[in-house]
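The following note sets out points for discussion with a colleague. Please consult the sequence and structure shown here before reading on.

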Amino acid sequence: MSIYFTEDHEWVKVEGETATLGITAHAAEQLGEIVFVELKEAGESFEKGDEIGVIESVKAASEIYAPAAGEIVEANGSLGDTPGALNEDPEGAAWLYKIKLSDAGELEELMDAEAYKASIG
Amino acid sequence: MGQTSDSAPKRTPLYALHEELGGKMVPFAGYAMPVNYPGGIIAEHKQCREKAALFDVSHMGQVVLSGAGGPAALEALVPSAMTTLKPGKARYTVFTNEAGGIMDDLIVSNAGDHLFIVVNASMRDQDIAHMRSNLAEGALSELSDRALLAVQGPAAEGVVSQMAPEAAALSFMETTEARILGADCRISRLGYTGEDGYEISVPEDRAVEITRALLAHEDCAPAGLGARDSLRLEAGLCLYGNDIDAETSPVEAQIQWLIQKRRREEGGFPGAARIQRELAEGPARKLVGIAPEGRAPARQGVEITDQEGRAIGRVTSGGFGPSVGGPVSIGYVAAAEAVPGTKINLVVRGKPLPAEVVALPFVQHNYKR
C-alpha cells in the first residue's frame with residue numbers, strides 16, 4: 001500500500017488494483033466549511049488532469065482534478081448529503097472516489113507524504 | 001473592485017487584536033482584514049443571528065460635512081432628501097453618476113451641527129474627491145483617526161447599552177453621541193446584517209480597549225468578512241461592486257425607496273433623467289432574489305437563463321446561506337422575469353440548474369423600529 005499526494009492537495013491511496021482518492025486535511029482547512037460536493041458517477045473514465053468533481057466551501061468553489069488516468073469504480077455518495085464530513089475526516093471516511101488506474105506508473109510522478117508535507121510548509 | 005495597490009495592505013487599529021483572536025487575515029479593499037476567526041464563518045454567522053457579533057469595519061471611510069449649507073449641497077450628489085433629515089436620524093443613499101448609475105452607497109447621519117457620512121473602503125478616495133470638488137471649500141473633513149465597530153444581532157442592545165445606556169433608547173436608523181469608557185463615540189442603530197445592531201465610531205487609540213470590553217460580554221463574539229457577506233446576502237442588502245455599480249441604477253437595484261417623493265418630482269441629482277424615467281415606466285431589469293432548487297451555490301457571474309434557455313441576466317452575489325441552510329443568490333433579470341415564483345435556470349459550470357425568483361430578503365429583517 002502506498003500513498004501519494006498531488007500539487008492540487010489530493011491524496012491517492014493504492015491498494016492492489018484500485019486506488020482511493022480524497023483531499024488532504026490541509027486542503028479542507030484552507031477551503032473552510034464545505035457546503036457542497038458534486039462528484040461524477042461510477043463507470044466514467046478520465047484522463048490525468050481532467051476535472052472530475054467540484055467542492056464548494058462557504059468561501060469558494062474548488063475543482064477536483066484526476067491525478068492519473070482511470071475509471072471511477074465508486075463515488076462517495078454520502079458526501080452529497082453531508083458535505084461537512086470533508087472537514088471532519090478528509091483523509092479517512094470522507095474519501096471522494098474509488099478508482100481503477102489505467103497505469104499505476106503515472107503515480108510515480110506524485111509526491112510522497114514527506115515531500116507533500118514540505119510543500120505546504 | 002476599487003483601487004488595488006502593490007504596497008502592503010493597510011492595518012486597522014484592531015489588526016493586532018485580530019491576530020491575537022486567531023483571525024485569518026486577507027487583503028480586502030486595501031486593508032488586511034479577518035475573513036474569519038477559528039470558529040469559522042458559519043458559526044460566526046449564526047452567532048450574529050442568535051446573539052451578537054462584533055465586526056471591525058474600520059476600513060470604511062468616515063467623513064464629516066460641516067456648514068449649514070451641507071445638506072442642500074449634498075442633495076446635488078444624491079437622490080435622497082437631505083434637507084429634511086432630522087438631527088439624530090440616519091439615512092441610506094447613493095452617489096449617482098450622470099448616467100444614473102451608482103458611484104457608491106453610503107449612510108448619512110445628521111449629527112446636529114454637521115453630517116456624519118460613512119462610505120465604502122474601496123470607494124473612499126473616489127467619494128472624497130467627488131465631494132470635495134462639488135461641495136463648499138473646506139466643508140469636508142475625513143476622520144482618519146477613528147475606528148468603526150459594528151455590533152450586530154438580537155443581543156446587541158444588551159451588549160452596547162451596558163457600556164452606553166443611550167444605545168437602548170435609539171430606534172433603527174437613529175444616531176447619538178455617547179461616551180464609552182470615557183471616550184467620545186458616535187453610536188448609530190443600523191448595520192449590514194439584517195439584524196438589530198449598532199455601528200460605533202470610536203477614537204482609534206481607544207479602539208482596542210472598547211472592543212475588548214464589548215467582547216467581554218458573554219453574548220458577543222468576533223466575526224469576520226465571510227460572515228458579514230453571508231449575513232448581508234441573506235438580508236438582501238447590496239454590495240457595492242457586486243450588486244450595484246456605475247452601470248446599475250437605484251431603480252434597477254430595487255432601492256428606489258431611498259428616493260423620497262420631493263426628489264422624485266424635482267430631480268436635481270446626477271442621472272435624474274434616467275432614474276425618473278425608470279420610476280415612471282419601470283426599469284428594463286431588476287435585482288431579484290434567486291433560490292436554487294438544488295444544493296449547488298451559484299456565485300457572482302453565473303448566467304441566468306429563462307425556461308427556453310435564453311440569457312436573461314447574471315448573478316451578482318451568491319453562495320451558501322447558513323441561516324437558510326442552502327444556496328442563495330441575487331442577480332439582475334429582465335423585468336418580465338422578475339416576478340417571484342418565476343422559474344429560471346442558473347448556468348453553473350456549463351449546466352443549467354433549476355431555480356426560482358423569490359422575494360427578498362431571504363431572512364426577515366429584525367430591526368428595532
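1. Which residues touch the most other members of the largest nonpolar core? They are B:Ile117, B:Leu149 and B:Val151, in a core of 126 residues. A nonpolar core is a set of buried Ala, Val, Leu, Ile, Met, Phe, Trp, Tyr and Cys residues joined through C-beta atoms within 7 Å.

2. This is a predicted model, in which local features need pLDDT of at least 70 and side-chain atom pairs count only at pLDDT 80 or more, while totals for chains, interfaces and linings use all residues. Residues are numbered from 1 along each chain as its sequence is written, and chains are lettered from A and ligands numbered from 1 in the order in which they are written.

3. Leaving aside residues up to four places away in sequence, B:Ile117 touches B:Val63, B:Leu65, B:Leu106 and B:Val108; contact requires C-beta atoms, placed from the backbone, within 7 Å.

4. Chain A comprises three helices and nine strands (DSSP runs, numbered from the N terminus: helices H or I, at least four residues; strands E, at least two). Their order along the sequence is β-β-β-α-β-β-β-β-β-α-β-α.

5. Of the 121 residues of chain A, 39% are buried (20 or more other C-beta atoms within 10 Å of the residue's own, with C-beta atoms placed from the backbone). Among chain A contacts between residues at least 6 apart in sequence, 61% join residues at least 24 apart.

6. The contact draws twelve residues from chain B and ten residues from chain A. On the chain B side, helix H2 (41-50), helix H8 (225-234) and strand E16 (311-321) each supply at least two residues.

Methods
Two residues are in contact if their C-beta atoms, placed from the backbone, lie within 7 Å. A residue is buried if 20 or more other C-beta atoms lie within 10 Å of its own, exposed if 12 or fewer, and partly exposed in between; C-beta atoms are placed from the backbone.
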